[in-house]
Amino acid sequence: MKIGNKLFDTQHHTYIMGILNVTPDSFSDGGKWNTTDAALRHTEQMLADGMDIVDIGGESTRPGYTKLSDQEEIDRVVPMIEAVKARFDVPISVDTYKSAVARAALEAGADLVNDIWGLKYDDKMAELIASYGVPCCLMHNRNEPVYADYLPDVLDDLRACVRLAKQAGIADDRIILDPGIGFGKTLEHNLQLTNHLEILHELGYPILLGTSRKSMIGLTLDLPKDEREEGTLATTVLGVMKGCAFVRVHDVRKNRRAVDMTEAILNS
């Protein structure tokens, strides 16, 4: 898969997506990187630590988040995308479910659209992504954690996302799927799906795992958000073993080492 000007071997390797939240209220690092200088310093550090792609988000989607207007979100992400693009040679993902924000981000140089609603929130999103020919990450999500048959329902929901993509003309080699850990799921749902990530391979697309510092870890280990790195690393190792192509993380250095060590063992 090509993202920006980089090729990703999604069948044989797990890549690190570093999180750059340019928000004042993200659950883990809100307010840390929402100035250009701070964001650029953090991006430089993540690249030095082994980041393969940076995911820039302007609206927190933590539980109970406040939804922004399109323009507010654009005003946050576009200057950051332009600044990162001008300074670093790294593929840029924009974390948004709104087509107007995605369009502005793509015009500013973003290389991938990371949609937490899997094209189901904004009916213009799929067509927009297809028109730009960029890859997209489609995440599983529901408003409420109510399922008839949990794991099969998750697969069916993701199949619906893929149908929306293909109907709009998004090519198969432009699609990544995210199980949506922490979204529309109970703690037990999150643990169960993480344990059975391999079922997603049935759909035939690269998998992105995003568990970094999430409530699944906090609730399981009874830890605050700033003490969840060990739990995150456990999920990263499991993600590599289950064949995930990407892990989306806050602490790039530790997760890079965990990925590299796990791959060395698996490839020995």
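Some housekeeping before we start. Residues are numbered from 1 along each chain as its sequence is written, and side-chain values use heavy atoms, with hydrogens and water left out. Since the model is predicted, local features need pLDDT of at least 70 and side-chain atom pairs count only at pLDDT 80 or more, while totals for chains, interfaces and linings use all residues.

OK, Lys98. You'll find Lys98 in the loop between strand E5 (92-95) and helix H3 (99-108); helices (H or I, at least four residues) and strands (E, at least two) are DSSP runs, numbered from the N terminus. Is Lys98 buried or exposed? Buried, at a relative accessible area of 2%. For us, buried means under 20% relative accessible area, exposed over 50%, and partly exposed in between, with a 1.4 Å probe and protein chains only.

So what does that lysine pair with? Glu73, in a salt bridge at 2.8 Å, N to O. That pair links distant parts of the chain, with Glu73 in helix H2 and Lys98 in its loop, 25 residues apart. Glu73 is buried too. By salt bridge I mean a side-chain nitrogen of Lys or Arg within 4 Å of a carboxyl oxygen of Asp or Glu. Leaving aside neighbours within four places in sequence, Lys98 also has contacts (heavy atoms within 4.5 Å) that include Asp70, Tyr121 and Met125.

Just past the helix, Gly109 takes a positive phi of about 120°.

Back to charges: the count comes to 18 salt bridges. One of them joins Arg253 and Asp49, closest N and O atoms 3.2 Å apart. Arg253 is in helix H9 (residues 252-266) and Asp49 in helix H1 (residues 36-49), so this pair ties together parts 204 residues apart in sequence. Arg253 is partly exposed at 38%, whereas Asp49 is buried at 16%. There's also a network of salt bridges linking Asp52, Arg256 and Asp260.

Last stop, the surface. Leu187, Leu191 and Leu219 make a nonpolar patch with about 240 Å² of accessible area together. Patch residues have over 30% relative accessible area and no salt bridge, with like charges joined within 9 Å and nonpolar side chains (Val, Leu, Ile, Met, Phe, Trp, Tyr) within 5 Å; areas are Shrake-Rupley with a 1.4 Å probe, and for residues only the protein chains shown count as cover.
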